[in-house]
Every structure is written in C-alpha cells, then in structure tokens.
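Please look over the protein shown here and read the briefing beside it, going back to the picture whenever a residue is named.

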Amino acid sequence: MTTVTAPAPEEHGARVGRTVEVTVPATSANLGPGFDTLGLALSIYDRLEVTALPEGQLEIEVSGSGAEDIPRDASNLIVRTIAYVFADAGRPMPGLRIVAENAVPHGRGLGSSGAAVAAGVLAAKGLLAGDVDLSDTDLLRLATELEGHPDNVAPALFGGLTIAWMGERGPQHKKLLVHRGVSPLVLVPAYTMSTSQARSLQPPHVSTADAVFNVSRSALLIAALMQSPELLLDATADRLHQDYRAGAMPETQRLVQALRAAGFAAVVSGAGPSVLVLADGPGSRLDAVEVANQVTDTPWEALLLAVDVRGGTVGDRAEGST
C-alpha cells in the first residue's frame with residue numbers, strides 16, 4: 001500500500017518548479033514461450049524531464065520515435081499516468097512541463113507503451129518524493145492497472161529478466177540475472193503492428209499438448225537465459241501465440257523461421273513485428289544479421305543491444321537518479 005508521510009499542509013503534492021529526470025528501457029515480452037509472463041529489458045532508452053507547474057498548465061515537447069503521433073494534450077499517456085498516480089495517492093494534480101526524447105521504437109513490439117507508463121509512474125514518484133512514498137510494489141501495481149498486464153512494465157521498471165504474474169496481492173515480479181553470454185539482437189522493420197490487433201488473433205482455447213509444450217519450454221528458457229545459453233534455440237520454441245499472429249505479419253514470420261532454421265534463437269518481440277534474437281555470443285549476432293539480409297526483401301534495422309540490468313530511474317535534476 002502507498003505510504004503517505006505527514007508534511008505540513010502546504011507541502012502536499014508536487015512542489016511547483018520541481019524537475020525530475022526519468023530514464024526507462026525498451027523491453028521485449030514473451031521471449032517465445034513465456035506469453036504474458038516473461039520480459040527482458042534492453043539497452044534502448046526513453047528519457048524525460050518533467051517539471052511541476054501551477055495547476056492547469058500543460059506543456060509537452062517530444063522528439064524521436066513516434067513524435068509526430070504523440071498527443072500534446074491531457075490525453076498523452078504519460079500525463080494520464082501521472083494523473084492516475086496522483087489520484088491514487090490523494091494528491092492534487094499539478095500542471096506539467098514534459099520534455100521527452102524517445103528512442104524506443106513505437107509500434108514495433110519493444111514495449112513503447114509500457115515504457116511510457118513506467119516513465120509516468122516514475123515521474124510521479126519523483127514529483128511526490130518527500131510527501132508520498134511509492135514502493136516497488138506500488139509502482140508495479142499502478143503500472144499494471146494502466147497497462148493491463150505486467151510483462152512489459154516489470155522489466156521497464158526493474159530491469160533484467162523478469163517473471164511477472166498476478167497473485168492474490170496483485171501483480172508480482174521476480175527479477176533474474178541473465179548469463180553474460182546472452183547477446184540480444186533486435187531486427188526492426190519499417191512497418192508497425194497494433195498490440196490490440198495481435199491479441200485479437202489469439203484463440204480463446206489451446207490444446208493440452210500445446211500448453212504442456214509451452215510450460216516445458218518456459219521452464220527451460222529460464223535455465224538457458226541464466227545458465228545454459230546453448231539451449232536457447234530449443235527453449236524459445238512456442239505454440240501459444242506466434243503462429244496465430246503469423247498471417248498478420250508474414251515477413252516477420254518468414255524471418256523468424258529462416259533464423260531458427262539457421263540455428264538462431266529467434267522469436268517475435270512482444271506483439272511484433274520486430275524480431276528478437278537471443279544469440280549465445282556477440283559475434284554470432286553478425287551472422288544473424290547476414291541471414292536477415294539474405295532471406296527477405298523487407299529492410300530490417302539491426303540493433304545490437306545489451307540486457308539492461310538497472311531498469312527505470314528517476315531523480316531530481318540537481319540530485320541525480322535513484
């Protein structure tokens with residue numbers, strides 16, 4: 001539960017003029033078999049500077065990925081997220097100045113909406129510091145209520161490999177460290193994919209055999225990512241979601257099949273259409289890029305990344321991050 005301290009009445013809420021800086025990583029959810037459960041934080045970052053203004057004022061500047069499509073009014077997802085957190089804490093919503101630099105590709109299956117929600121929750125935490133104490137449990141609860149499921153917001157908030165689930169006490173997560181030999185490669189196409197469209201292609205029921213297949217591969221994937229990268233190809237096999245979505249993004253499916261046939265642990269990143277390759281060493285990623293260049297006419301931007309282990313950060317501009 002959110003902990004509220006007892007400052008003087010005039011100190012309730014955000015102090016006008018306070019500025020916080022927020023950084024959140026991209027994420028890749030599912031990782032093949034871990035549908036709506038597993039997520040991985042990646043070293044691409046959205047950065048925000050958020051300043052509390054007098055009530056009613058709103059200024060938004062956005063640059064980078066998706067900038068032309070992001071609302072500059074109260075419908076902005078970060079603004080809505082901050083307002084949600086302030087309402088949950090029982091504090092008046094301040095005016096805001098938001099300056100955002102977006103590097104996480106939008107609509108590509110790399111958790112851009114989850115990053116925005118995580119950024120908003122962290123910005124609210126920073127603005128409320130000294131008045132309302134938001135714990136990690138609070139952050140995950142609030143972010144999940146807004147995002148709908150925790151598999152993207154958990155790694156965006158906490159970094160690393162995360163297992164997320166809904167328990168009796170709400171959303172929970174466990175952060176795990178990834179073997180240093182695991183080297184992520186993301187192949188990003190020019191086209192986008194709607195998460196809601198991708199989810200609409202899921203069948204309401206699956207066979208027991210497919211469920212057992214994914215349970216076994218999800219368990220194996222944890223071992224592969226933490227201890228045995230040589231098992232990643234088998235561990236990333238999936239029967240629950242990728243094949244059902246293949247018709248909506250045939251180039252993605254074609255690339256995943258070609259990479260797996262060549263021995264690479266390739267999966268659809270999140271809802272797609274990007275492809276995540278979990279290579280067992282930095283050098284083999286270049287071989288995967290060569291496969292991508294040879295098997296499809298669609299241009300793919302190759303991002304050679306690291307696993308982000310820190311997750312989202314927030315701090316006063318003059319004081320550094322926490």
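Predicted model: local features only at pLDDT ≥ 70, side-chain atom pairs only at ≥ 80, totals over all residues.

Residues are numbered from 1 along each chain as its sequence is written, and side-chain values use heavy atoms, with hydrogens and water left out.

**Overall form**

- The secondary structure comes to ten helices and 13 strands, where helices (H or I, at least four residues) and strands (E, at least two) are DSSP runs numbered from the N terminus.
- The radius of gyration, taken over C-alpha atoms, is 20 Å, which agrees with the value near 20 Å that a compact globule of 322 residues would have; the globule rule is 2.2 Å times the number of residues to the power 0.38.
- Along its principal axes, the C-alpha trace spans about 65 × 40 × 35 Å.
- Of the 322 residues, 55% count as buried, a word that here means under 20% relative accessible area, with exposed meaning over 50% and partly exposed in between (1.4 Å probe, protein chains only).

**Nonpolar cores**

- A nonpolar core is a set of buried Ala, Val, Leu, Ile, Met, Phe, Trp, Tyr and Cys residues joined through side-chain atoms within 4.5 Å, and the largest one has 44 residues, with Val22, Leu48, Val50, Ile82, Leu127 and Leu157 having the most contacts inside it.
- Helix α2 gives the most to this core, with eleven residues.
- A second, separate core of 27 residues includes Leu38, Val104, Leu110 and Ala235.
- Leaving aside neighbours within four places in sequence, Leu127 is in contact (heavy atoms within 4.5 Å) with several residues, among them Val20, Val50, Phe86 and Leu96.

**The loop between β2 and β3**

- Asn30 lies in this loop and has a positive phi of about 80° although it is not a glycine; at 3% relative accessibility, Asn30 counts as buried.
- Leu31 also lies in the loop between β2 and β3, has a positive phi of about 55° although it is not a glycine, and is buried with a relative accessible area of 0%.

**Other single residues**

- The peptide bond from Gly272 to Pro273 is cis, with omega near 10°, and Pro273 lies in the loop between β10 (266–268) and β11 (275–279).
- Gly170 is placed in strand β8 (residues 170–176) and counts as buried at 16% relative accessibility.
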